[in-house]
Amino acid sequence: MRKREERFNWLSMTPAEQLHVIKLCRQRYLRKKRQAQSTQTEEIPLHTPQQDLF
């Protein structure tokens, strides 16, 4: 999940800057993964009125 600037400037970055970008990408990935996980648990209703009909 690199940003546009990070992709275009990758070859001109120093190795230290590249490592920093990799760490940022890892953080972005984990943040997105946690956000998706929390929305999945919220979408599943535990009790709905429709279930009473069965």
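Does Arg 28 count as buried or exposed, and at what relative accessibility? At 14% relative accessibility, Arg 28 counts as buried, where buried means under 20% relative accessible area, exposed over 50%, and partly exposed in between, with a 1.4 Å probe and protein chains only.

The model is predicted, so local features need pLDDT of at least 70 and side-chain atom pairs count only at pLDDT 80 or more, while totals for chains, interfaces and linings use all residues. Residues are numbered from 1 along each chain as its sequence is written, and side-chain values use heavy atoms, with hydrogens and water left out.

The protein has two helices and zero strands. Helices are DSSP runs of H or I with at least four residues, strands are runs of E with at least two, and both are numbered from the N terminus. Of the 54 residues in the protein, 9% are buried. The accessible surface comes to about 5,400 Å², and carbon and sulfur atoms hold 57% of that area; the areas come from the Shrake-Rupley method with a 1.4 Å probe, and for residues only the protein chains shown count as cover.

Arg 28 lies in helix α2. The residue takes part in a salt bridge with Glu 6, in which the closest N and O atoms are 2.9 Å apart. This pair links distant parts of the chain, since Glu 6 belongs to helix α1 (residues 4-8) and Arg 28 to helix α2 (residues 15-43), 22 residues apart. A salt bridge here is a side-chain nitrogen of Lys or Arg within 4 Å of a carboxyl oxygen of Asp or Glu, and the count by this rule is one. Glu 6 also counts as buried, at 10% relative accessibility.

Leaving aside residues up to four places away in sequence, Arg 28 touches Met 1, Arg 2, Lys 3 and Glu 6; contact means heavy atoms within 4.5 Å. Arg 2 in turn lies over the face of Trp 10, at 4.8 Å from the ring centre. For such a placement, NZ of Lys or CZ of Arg must be within 6 Å of the ring centre and within 35 degrees of the ring normal.

Leu 30 is found in helix α2 and is partly exposed, with a relative accessible area of 38%.
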